[in-house]
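Please look at the sequence and the model, then read on.

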Amino acid sequence: MPSEFFIPDPEGQVPSADGYFGAFGGKFIPEALVAAVDQVAVEYEKAKADPEFARELDELLVHYTGRPSPLTEVPRFARHAGGARVFLKREDLNHTGSHKINNVLGQALLTKRMGKTRVIAETGAGQHGVATATACALFGLRCTIYMGEIDTRRQALNVARMRMLGAEVVAVKSGSRTLKDAINEAFRDWVANVDHTHYLFGTVAGPHPFPAMVRDFHRVIGVEARRQLLERAGRLPDAAVACVGGGSNAIGLFHAFIPDTGVRLIGCEPAGHGIETGEHAATLTAGEPGILHGSRSYVLQDDEGQITEPYSISAGLDYPGIGPEHSYLKDSGRAEYRAITDDAAMRALRLLSETEGIIPAIESAHALAGALEVGRELGPDGLIVVNLSGRGDKDMDTAARYFGLYDTDAEVAADAESTAEIKEDAQ
Amino acid sequence: MSGNIRLLADTLAAAKAEGRSALIAYLPAGFPTVDGGIEAVKAVLEAGADVVEVGLPHSDPVLDGPVIQTADDIALRGGVRIADVLRTVREAHEATGKPVLVMTYWNPIDRYGVERFTAELAQAGGAGCILPDLPVQESGLWREHAEKHGLATVFVVAPSSRDERLAQITAAGSGFVYAASLMGVTGTRETVGAQARDLVRRTRATGTDLPVCVGLGVSNRAQAAEVAGFADGVIVGSAFVKRLLDAPDHAAGLRAVRELAGELAQGVRGRA
């Protein structure tokens, strides 16, 4: 029986056998990791061909994750989007609170098939780390999560969640102390422990086969959304909108719509304080092709190939790279990418909360802000689907400070103190 | 064979003819300053290193441990540029006549331009390059230009490399083969694994004529002597960098790296 939820790309045209999406992708890894990365590729191909793998994954996606995720129309929010109809693909309602679990469960099953007993992962906002820690608890795997020190502070709730689930959380103090540096540290761990450790990579970047494999595990988002929209709205959307950090939730939403050339695919990158300030993480808007974390793609870098430090209010989007398939979709013109400032994202976060009773993650709020723009461009006949990739609980501290939602200064001080304690624990 | 790849081959062959291993040192350019780095590179060559690898610092050194990360960080914050790396190569080679290679990650060279970098490195008197995150399958363009300019392409092999990959890598590489003594990032280790001996044996079993040199973890004379017992060269990096980092001032740092190079030079001659 074909799987309902594990639906790898049926075209099989990209990437090429050596992992290239046009000019982007490939496998730029140290020799010490070649055997392990090859093993992942071989095991993944075997798993794809094995109905038992799909059955096991389907079982988990239905009864553990809660798939299919709902599609929610948001008419009160949509009034601010030029009157276009707006639907949200509710990946925030998955177990653990984001889309990340789709990929994590797939790779956790693969880890077992490879006979490995330990999993490592990077995390920015902590959503991939929480999902990974969850799967490791479920499967009895040892788990270490690398997280930039700055992110352990701004996403302290998720640090506590990961520890509650039994994972070790390592605060990374090198470089910009955010997602990029967490990935560097995870690679260093992997090189040393590759015989028993799987690196459960959390986005559609990295060396082949990760960009294609992680995409395949998230393809279900777009496949479901496409079917649900045809049922509910009776037609395909004019635009599919998603936020883009490394690009996993966006590729998950976009991929099933790629053959539907009438559907605009719109990725929303973090413009931080504004592209012109240099304080942003808008890789496709402001980057140049280069190599970071194992593949060729757009990268934020200087004229001599040093990676520049990114900035975003959103820890999950604060990354100077991007998955190679997005670079391919950008250059081929099939997808378009626009940059959304911190302020625009935060306004959209508050708007959705107040008009629809849904508090989105700051990451997903970038997509909502993009949808507001796109809706105004399309006008009242427009139909938009937005990937609501995660829920906002983890961001309440950042949002409360941004909007001044705490009652008193004393309360803010008390909160800062408890954050400092958590941080001390982390050290 | 043309250019300084010939000098590299001759240097390694001369060590072999003397019945010893070669001592290959690594130091990052621009650390602690550009001029200070040049002095350090010259010091280790004068004190007994046969070959030096000059590191081109990178913002994201995923294969380096904390010692080299710290040095790269200091160099980059000091504003080191590729022109400074090339000047380090030129001055070290001109002052000592010894072979000087560059070791770096692929992105800086990709961004600078392969054609431009290989031409300028050869012009500076460089002997070749080690690019540990450029696997042989992705190295076609690099090797084409490196060959044109008489530069060696030194590939890394690891304990996890299967025999068929060792054959591919030794066939594509030139200068020497860099055998990683263990699975891990750069940094000093208490012991240098038994994996190193086996990897050198398996690399030689491919039938390659290239010298096989061992790096990662070696920090002292006894370890150098041990590795010299089975490898054509002993590569030492973090131990030199650590001496510079730990020194109270640059003059003391130079004395410390000179002293270490002298001890290691004894080690590679089998004098533990």
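Why is Gly262(B) classed as partly exposed? Gly262(B) is partly exposed because it has 16 other C-beta atoms within 10 Å; a residue is buried if 20 or more other C-beta atoms lie within 10 Å of its own, exposed if 12 or fewer, and partly exposed in between, with C-beta atoms placed from the backbone.

This is a predicted model, in which local features need pLDDT of at least 70 and side-chain atom pairs count only at pLDDT 80 or more, while totals for chains, interfaces and linings use all residues. Residues are numbered from 1 along each chain as its sequence is written, and chains are lettered from A and ligands numbered from 1 in the order in which they are written.

Gly262(B) sits in helix 12 (residues 250-267) of chain B; helices (H or I, at least four residues) and strands (E, at least two) are DSSP runs, numbered from the N terminus. Leaving aside neighbours within four places in sequence, Gly262(B) is in contact with Ala47(B) and Gly48(B), where contact means that the C-beta atoms, placed from the backbone, lie within 7 Å. From C-alpha to C-alpha, Gly262(B) is 27 Å from Leu131(B), and the two are 131 residues apart in sequence.

**The two chains**

Chain B has 32 residues in contact with 27 residues of chain A. Helix 3 (66-77), helix 5 (106-112) and strand 6 (156-157) of chain B each give two or more residues to the side of chain B that touches chain A. Helix 5 of chain B has the largest share of that side, six residues.

**The core and the domains**

The largest nonpolar core holds 237 residues, and those with the most contacts inside it are Val44(B), Ala179(B), Cys213(B) and Val234(B). Such a core is a set of buried Ala, Val, Leu, Ile, Met, Phe, Trp, Tyr and Cys residues joined through C-beta atoms within 7 Å. Helix 15 (residues 362-378) of chain A gives the largest share of this core, nine residues. Domain 1 (33-65 + 99-214) and domain 2 (71-97 + 218-399) of chain A both give residues to this core, so it lies between them. The domain bounds come from an automatic or database domain assignment. The C-alpha centres of these two domains of chain A lie 22 Å apart, and 32 residues of domain 1 of chain A are in contact with 39 residues of domain 2 of chain A.

**The sheet in chain A**

Six strands of chain A form an open sheet with mixed pairing, in the order 3-4-14-9-10-13. Two strands pair if DSSP finds at least two bridges between them. The edge strands, each pairing on one side only, are strand 3 and strand 13 (335-341) of chain A.

| Strands of chain A | Sense | Bridges |
|---|---|---|
| strand 3 (residues 71-73) and strand 4 | antiparallel | three |
| strand 4 and strand 14 (residues 383-388) | parallel | six |
| strand 9 (residues 239-243) and strand 14 | parallel | three |

Thr72(A) stands opposite Leu88(A) in strand 4 of chain A. Lys89(A) has Asn387(A), in strand 14 of chain A, as its bridge partner. Strand 4 (residues 85-90) of chain A is mostly covered, with six of its six residues buried. Arg85(A), Phe87(A) and Lys89(A) point one way from strand 4 of chain A, and Val86(A), Leu88(A) and Arg90(A) the other way.

Terms used: Two residues are in contact if their C-beta atoms, placed from the backbone, lie within 7 Å.
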